[in-house]
Amino acid sequence: MNQMTGPVFTSKQAAHYCGIATQTLYNLISQGQGPKHYKYGKRNAFYAADLDEWNQACLRLATP
């Protein structure tokens, strides 16, 4: 779905954007459960569209 346009986030910025700790993001990625990411040298790179898509998939309707 991502067109690979827009700003590129670092892991720290992506974690902040998603409202989670940076270490949690690293853990999720290592478990294969994190958002889509790309490698930029040794660093991870994230697009907002991918983070939004991942956040949407993680949300579930609250039940009373």
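**Exercise 1. Pairing of the strands**

Tyr38 stands opposite Ala45 in strand 3. Task: find which strands pair with strand 3, and in which sense.

Solution. Some ground rules come first. This is a predicted model, in which local features need pLDDT of at least 70 and side-chain atom pairs count only at pLDDT 80 or more, while totals for chains, interfaces and linings use all residues. Residues are numbered from 1 along each chain as its sequence is written, and side-chain values use heavy atoms, with hydrogens and water left out.

Step 1. Helices (H or I, at least four residues) and strands (E, at least two) are DSSP runs, numbered from the N terminus. Two strands pair if DSSP finds at least two bridges between them.

Step 2. Strand 2 and strand 3 pair in the antiparallel sense over three bridges. Their hairpin has two residues between the strands, and Gly41 takes a positive phi near 70° there.

Step 3. Strand 1 and strand 3 are also antiparallel, over two bridges. Here Phe9 stands opposite Phe46 in strand 3.

Step 4. Four of the five residues of strand 3 are buried, where buried means under 20% relative accessible area, exposed over 50%, and partly exposed in between (1.4 Å probe, protein chains only).

**Exercise 2. The two sides of helix 3**

Task: state which residues of helix 3 are buried and which are exposed on the other side.

Solution. 

Step 1. Helix 3 spans residues 48-58, and its buried residues are Ala48, Asp50, Leu51 and Trp54.

Step 2. Seen down the helix axis, these buried residues fall within an arc of 160°, so they line one face of helix 3. The arc is taken from the directions from the helix axis to the C-beta atoms.

Step 3. Gln56 and Ala57, on the other side of helix 3, are exposed.

Step 4. The buried residues pack against strand 1 (8-9), helix 1 (11-18), helix 2 (22-30), strand 2 (38-40) and strand 3 (43-47). Contact means heavy atoms within 4.5 Å.

**Exercise 3. The salt bridge**

Task: find which residues form the one salt bridge of the structure and where they lie.

Solution. 

Step 1. A salt bridge is a side-chain nitrogen of Lys or Arg within 4 Å of a carboxyl oxygen of Asp or Glu.

Step 2. The side chains of Asp50 and Lys36 meet this way (3.9 Å, N to O).

Step 3. Asp50 lies in helix 3 and Lys36 in the loop between helix 2 and strand 2, so the pair ties together parts that are 14 residues apart in sequence.

Step 4. Asp50 is buried, with a relative accessible area of 2%, whereas Lys36 is partly exposed, at 41%.
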